[in-house]
Amino acid sequence: MTDIKKGLAGVVVDYTAVSKVNPETNSLLYRGYPVQELAATQPADAVAYLLWNGELPTAEQLEAQREDGRPWRALAPEVKAAIDALPLDSHPMDEVRTAVSVIGALDLAGIENVLDAVGTVEQNRERSLHLYAALPAIVAYGQRRRHGLEPIEWREDLDYAANFLWMTFGEEPDPLVVDAFNRSLVLYAEHSFNASTFTARVITSTLSDLYSAVVGAIGALKGPLHGGANEAVMHIFDEIGEASNVVPWLDEALASKRKIMGFGHRVYKRGDSRVPTMQAAFYSLVEHYDRADIRELYDTLEGEFVGRKGIYPNLDYPSGPAYNLMGFDTLTFTPLFVAARVVGWTAHIMEQMAANALIRPLSEYNGPDERHIEGYVADT
Ligand code: SDX
């Protein structure tokens, strides 16, 4: 009997030097650095530099990367037109997927031979930075458009995280909120062979282009078992309403075998290494916005579910309510994940390109035995 590894659970398929997820020590290293140290000390774009290049940037290297990204920070008119062509009630993940697809189509225009679309190492570094620099304006515009608001330009005096908040809300970003948001971007940036990253690697392994791989990854991340969970956590909070409703709500949810979004993980089985850092950021926002009610709901649901099922929160659990307190629409949460994870995706895409092998697993056939069309006579 063939040993089928459903969902590739526990299957090691390749090496990676980008990050190390260690469930035994409950740790996560980005190019060797503990993610907690990076989240507490580095701006998100310095961590992007680290994931792409293998080392933290000097001040000059970081400035050069910021300068190189400048041409793409503004919302490109073709991208705005493509988003505006979508119904206002399109899902923001569909908007972001469309926007990346448009950027790719524009950049690759004129390349007729598909063998040339994959590009050189330099071209793919530039494409990675292009998407990273362009996504804040795209995600921010998506939320503003739904509120009938015009896009806001990037500001030169603000860093990546602060600009993201500025372009979304048009208010001077508070340093405490910027720090919490920056920590979330660092924590979300990379996580080895998760479903969306592996999707990007599969697409890259056929020698398709970086943009196609990122579009595929966005499709995978949208799913509520993956990135869509941070949005789903907020839907659950809205359903429960307040802490006093947690027990009856959970009784009913578990009785109907519902998955409680924001809990559990394929790799971490004793808790997600990123949660303490993001939870501390969430708690700081609770204080800042005087929202003890949302913390009481958060703590009560976590305590009840962990107590009953022994299944621990993942990063999406603290991120959802944290983004809610920052003012992001619930539907904007997973696009925020895209803006952060595009760094991990593109680091893995370039790693796959550097030592490629077509990813094509086997399957065990369990369909009908061979049979034939009645009356068919083979040509002789
Ligand atoms: C992310 O891979 C990554 O690194 C992903 C990510 C990243 O940074 O890229 O960390 C981001 O996607 C985090 C996960 C976000 N998803 C959710 O919060 C959705 C809810 N979680 C579950 O669907 C589940 O925990 C998964 C999908 C995350 C992991 O599932 P597994 O490893 O396939 O485990 P499983 O679904 O087989 O669960 C084992 C048991 C099952 O019970 P039985 O059927 O054996 O009785 O635990 C139960 C499950 O029903 N279980 C849950 C549960 N998670 C597991 N039951 C209720 N609620 C849950 N959340």
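1. Let's start with charges across the domain boundary. Between domain 1 and domain 2 the number of salt bridges is zero. Keep in mind as you read that this is a predicted model.

2. Where do the two domains sit in the chain? Domain 1 is made of two pieces, 14-222 and 331-354, while domain 2 covers 229-326. The C-alpha centres of domain 1 and domain 2 are 26 Å apart.

3. Now look at how the domains meet. On one side, 27 residues of domain 1 take part, and they are in contact with 25 residues of domain 2. Together the two domains bury about 2,300 Å² between them, and 62% of that area is on carbon and sulfur atoms. Within domain 1, the residues that lose the most area to domain 2 are Leu187, Tyr188 and Phe333; these three account together for 29% of what the domain 1 side buries.

4. Next, find two helices: H15, residues 292-309, and H16, residues 316-326. Their axes come within 11 Å and cross at roughly 170°. Because angles over 145 degrees count as roughly antiparallel, H15 is roughly antiparallel to H16.

5. Which residues make this helix contact? From H15 come Ile294, Leu297, Tyr298, Leu301 and Glu302, and H16 brings Tyr317, Pro318, Pro321, Asn324 and Leu325.

Technical notes
Residues numbered from 1 in each chain as written. Predicted model: local features only at pLDDT ≥ 70, side-chain atom pairs only at ≥ 80, totals over all residues. Heavy atoms only, no water. Axes fitted to C-alpha atoms, helices over the stretch in contact; angles between N-to-C directions. Helix = DSSP H or I, 4+ residues; strand = E, 2+ residues; numbered from the N terminus. Parallel < 35°, antiparallel > 145°, perpendicular 65-115°, else oblique. Contact = heavy atoms within 4.5 Å. Domains from an automatic or database assignment. Buried area = accessible area lost by both parts, 1.4 Å probe. Salt bridge = Lys/Arg side-chain N within 4 Å of Asp/Glu carboxyl O.
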